[in-house]
Every structure is written in structure tokens, then in C-alpha cells.
Amino acid sequence: QVQLVESGGGLVQPGGALRLSCVVTGSIYNINNMGWYRQAPGKERELVATVTQGGSTNYGDSVKGRFTASRDNAKSTVYLQMNSLKPEDTAVYYCNAEVRERLWASANNYWGQGTQVTVSS
């Protein structure tokens, strides 16, 4: 059973920084795209960042220049470094991964349970 476990959320002041981590465990043959999404109260879930297996990244417009996504394929882990945080970054952040569990299987999309990030003075 594939599981995604996030860590690193918390309370931070505006202008501060946090680093989120997400490790994928279970039956893994390989992992295609990994990424982060977020959902604020009363809003739809939105893209924060994605990272391909080769390390190419894509960011949502609201976080470009402030957030950096990366991954360690050997550790099946994706990271999100968040700098210059703003109150509007407050949300539950969800990890996402496209996991292929066997050589001839198609990839399935998995989500973590989410970690709360609150930016407030």
C-alpha cells in the first residue's frame, strides 16, 4: 500500500520560511511527477509546484520566485522550500505523487493527508 507522509508545517510570521517534506512509502517501482497543492478555507485546491522525475519544476503564479520544489529520487521524497511567506499562503498543503507500483502497471495518483501552514503575526 502506497502512502505519502508530509511533515514540516506549522505557524510562521510573515516574511518567514518553512520547509515541507513528503516521503512516499510502500510498493514503489518508480515515481513520475511529484508535487504540492494547497487548499485554503473556502477555496479550491490549487497547484503550488510540481517536479518531474528529471527535476524539472513548474510553479503556480502566486508562489513563483518565493517557493522552490525539489526531490530526492533515492529517498522517494519531495521537498518544498517556502520563503518570504505571506498571510495568503495560509492553507493545508497536500503532497501528490504519480506512483508506478510494478514494471508493467500504469501509474496511480496518490495524495498525502495534508499539513497545515499558517502565516500570521
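A residue is called buried when its relative accessible area is under 20%, exposed when over 50%, and partly exposed in between (1.4 Å probe, protein chains only). The model toured here is predicted: local features need pLDDT of at least 70, side-chain atom pairs count only at pLDDT 80 or more, and totals for chains, interfaces and linings use all residues. Residues are numbered from 1 along each chain as its sequence is written, and side-chain values use heavy atoms, with hydrogens and water left out.

**Stop 1**

Select residues 3–7 and 18–25, which are strands β1 and β3. Strands here are DSSP runs (E, at least two residues) and helices likewise (H or I, at least four), numbered from the N terminus. Two strands pair if DSSP finds at least two bridges between them; β1 and β3 do so in the antiparallel sense over five bridges. Within this pairing, valine 5 stands opposite valine 23 of β3.

**Stop 2: serine 76**

Move to serine 76, in the loop between β7 (67–72) and β8. Serine 76 counts as buried because its relative accessibility is 15%. To view its surroundings, select Cys22, Val23, Val24, Ile28, Ile31 and Met34: leaving aside neighbours within four places in sequence, these are the residues in contact with serine 76. Contact means heavy atoms within 4.5 Å.

**Stop 3: the salt bridges**

A salt bridge is a side-chain nitrogen of Lys or Arg within 4 Å of a carboxyl oxygen of Asp or Glu. By this rule the count is four.

Select arginine 38 and glutamate 46, whose closest N and O atoms are 2.6 Å apart in a salt bridge. Arginine 38 counts as buried because its relative accessibility is 5%, whereas glutamate 46, at 34%, counts as partly exposed.

Then select aspartate 89 and arginine 66, a salt bridge with closest N and O atoms 2.7 Å apart. This pair links distant parts of the chain, 23 residues apart: aspartate 89 lies in the loop between β8 and β9 (91–100), and arginine 66 in the loop between β6 (57–59) and β7. Both aspartate 89 and arginine 66 are buried.

Finally, select aspartate 61 and lysine 64, whose side chains meet in a salt bridge (3.1 Å, N to O). Aspartate 61 is exposed, with a relative accessible area of 67%, while lysine 64 is partly exposed, at 49%.
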